[in-house]
Each structure stands twice: as C-alpha cells, then as structure tokens.
Amino acid sequence: MKPKRAFLYSALLLGCTLNPVHAQSELSTELPPSFTVTDERAPEEISEVSRLYLDGNLVATFRLGLSKAHETQTIPLPVGRFDVDYALCGEITIVHNGHQETHQVSSEGQLHHPEGHSLDAVGTNNFTDFFLVDYDDAAVATHRHGRAAVCATPNT
C-alpha cells in the first residue's frame with residue numbers, strides 16, 4: 001500500500017472504531033429526569049434547616065438564615081419512578097411576639113410526574129405544616145396533613 005492510502009485506510013478504521021464509543025458515551029451522560037425545589041425564608045424566620053426525602057431516602061438539605069434567604073436544588077428522580085412519596089422535615093426558628101420560637105415541622109405526600117417542574121417548600125398554620133407545591137400545576141404534588149414518620153428523631 002502506498003503511504004497516502006495506508007494513512008487514509010488507518011484514519012477510516014480509527015474513525016469507525018471511535019464512533020460507537022462516542023455514541024455510547026453520549027448515551028451514558030444523559031441525565032436522569034429531575035425537578036427543582038426552592039425553599040425561601042419567610043420575613044419572620046430567623047433560620048431554617050429542611051430535609052427532603054424521596055421514598056424514605058434523604059435527597060436534599062436546605063439551610064437558610066439571615067444571610068441566605070433562599071436556596072434551590074435540583075433533585076433527580078429515582079430510576080424508573082415517576083410517582084414518588086416525599087417527606088419534608090425541618091426546624092424553623094421564628095420571632096413571634098418578640099420571642100424566638102423553634103418549630104419542628106414535617107409532612108408527607110406524593111409527587112406525580114414532577115420531572116421538569118419547579119416546586120416550592122411552603123409552611124402554613126403558624127409554621128407547623130410544611131409541604132411541597134407547584135403553583136403552576138397543583139396535580140404534581142399531593143399533601144397529607146400530619147407528621148411524617150421519617151422525620152421522627154430517635155430517642156436514645
């Protein structure tokens with residue numbers, strides 16, 4: 001083979017072997033479906049630490065204070081799941097009637113196809129109820145009133 005043909009032949013072989021590898025690496029870098037959760041400190045809050053669980057597994061922790069008013073995190077969905085149970089747990093310190101109060105808050109619910117959605121962590125009932133909501137699509141998050149079992153702290 002002449003040198004030019006040998007070079008062209010080698011380049012073609014190299015190109016053919018690289019293309020499948022390149023295609024596989026593109027497939028493997030595809031990100032799993034995800035959604036975002038934003039937690040925002042209310043004006044009367046001094047601090048807040050919140051934990052988000054999906055199907056009983058901790059997936060995010062939010063820490064807010066006087067120097068950090070909000071935080072948004074991207075949450076990947078568990079593989080193969082589009083409806084997942086969630087629990088939102090936290091400790092919120094507020095100023096009420098001039099005094100500091102710390103409330104243990106939690107609730108649970110279910111997310112229905114949350115992929116691509118933006119959810120907000122919301123506190124109600126004088127910071128005793130805490131849940132996720134999508135203001136653009138109420139069907140994405142259902143909320144069950146009452147404390148979430150995963151949020152209970154063990155007694156030792």
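Biologist: How many disulfides does this model have by the distance rule?

Modeller: The model is predicted, and the count comes to one disulfide.

Biologist: What makes cysteine 89 and cysteine 151 a disulfide?

Modeller: Their sulfur atoms are 1.6 Å apart. The cut-off is within 2.5 Å, so the pair qualifies as a disulfide. In general, such a link is a covalent bond between the sulfur atoms of two cysteines.

Biologist: Why is this disulfide called left-handed?

Modeller: The torsion about the S-S bond of cysteine 89 and cysteine 151 is about -70 degrees, and therefore the disulfide is left-handed.

Biologist: What does the pair tie together?

Modeller: Cysteine 89 belongs to strand S5 and cysteine 151 to the segment after S9, so the pair ties together parts that are 62 residues apart in sequence.

Biologist: How do you know whether cysteine 89 is buried or exposed?

Modeller: Its relative accessibility is 1%. Buried means under 20%, so cysteine 89 counts as buried. Cysteine 151 has a relative accessible area of 15%, so cysteine 151 is buried as well.

Biologist: Which strands make up the open sheet, and in what order?

Modeller: The open sheet has five strands in the order S3-S2-S5-S6-S9, with antiparallel pairing.

Biologist: What makes strand S3 and strand S9 edge strands?

Modeller: Strand S3 (57-64) and strand S9 (141-144) each pair on one side only. On average, neighbouring strands of this sheet are turned by 25 degrees against each other, direction ignored.

Biologist: How do you know that S2 pairs with S5?

Modeller: Nine bridges join S2 to strand S5 (residues 83-96). Pairing needs at least two bridges, so S2 and S5 are paired, and they run antiparallel. Serine 50 stands opposite glycine 90 in S5, and leucine 54 has tyrosine 86 in S5 as its bridge partner.

Biologist: What joins S2 to S3?

Modeller: Seven bridges join these antiparallel strands. In S3, leucine 64 is the bridge partner of glutamate 48. S2 and S3 form a hairpin with two residues between them.

Biologist: Why is aspartate 55 called partly exposed?

Modeller: The relative accessible area of aspartate 55 is 26%. Buried is under 20% and exposed is over 50%, so aspartate 55 is partly exposed.

Biologist: Where is asparagine 97, and is it buried or exposed?

Modeller: Asparagine 97 is in the loop between S5 and strand S6 (99-112). Its relative accessible area is 64%. Exposed means over 50%, so asparagine 97 is exposed. Asparagine 97 also has a positive phi, about 55 degrees, although it is not a glycine.

Biologist: Why is arginine 51 called buried?

Modeller: Arginine 51 has a relative accessible area of 17%. That is under 20%, so arginine 51 is buried. Arginine 51 lies in strand S2 (residues 45-54), which is mostly covered, with seven of its ten residues buried.

Biologist: What makes the link between arginine 51 and glutamate 91 a polar contact?

Modeller: The side chains of arginine 51 and glutamate 91 are joined at 3.3 Å. The limit is within 3.5 Å, so the link counts as a polar contact.

Biologist: Which residues is arginine 51 in contact with, leaving aside its neighbours within four places in sequence?

Modeller: Arginine 51 is in contact with Leu58, Ala60, Thr61, Ala87, Leu88, Cys89, Gly90 and Glu91.

Conventions. Residues are numbered from 1 along each chain as its sequence is written. This is a predicted model: local features need pLDDT of at least 70, side-chain atom pairs count only at pLDDT 80 or more; totals for chains, interfaces and linings use all residues. Side-chain values use heavy atoms; hydrogens and water are left out. Helices (H or I, at least four residues) and strands (E, at least two) are DSSP runs, numbered from the N terminus. Buried means under 20% relative accessible area, exposed over 50%, partly exposed in between (1.4 Å probe, protein chains only). A polar contact is a pair of N or O atoms within 3.5 Å; within protein, one must be able to donate a hydrogen and the other to accept it, and residues adjacent in sequence count only if both atoms are side-chain atoms. Contact means heavy atoms within 4.5 Å. Axes are lines fitted to C-alpha atoms, for helices over the stretch in contact, and angles run from 0 to 180 degrees between N-to-C directions.
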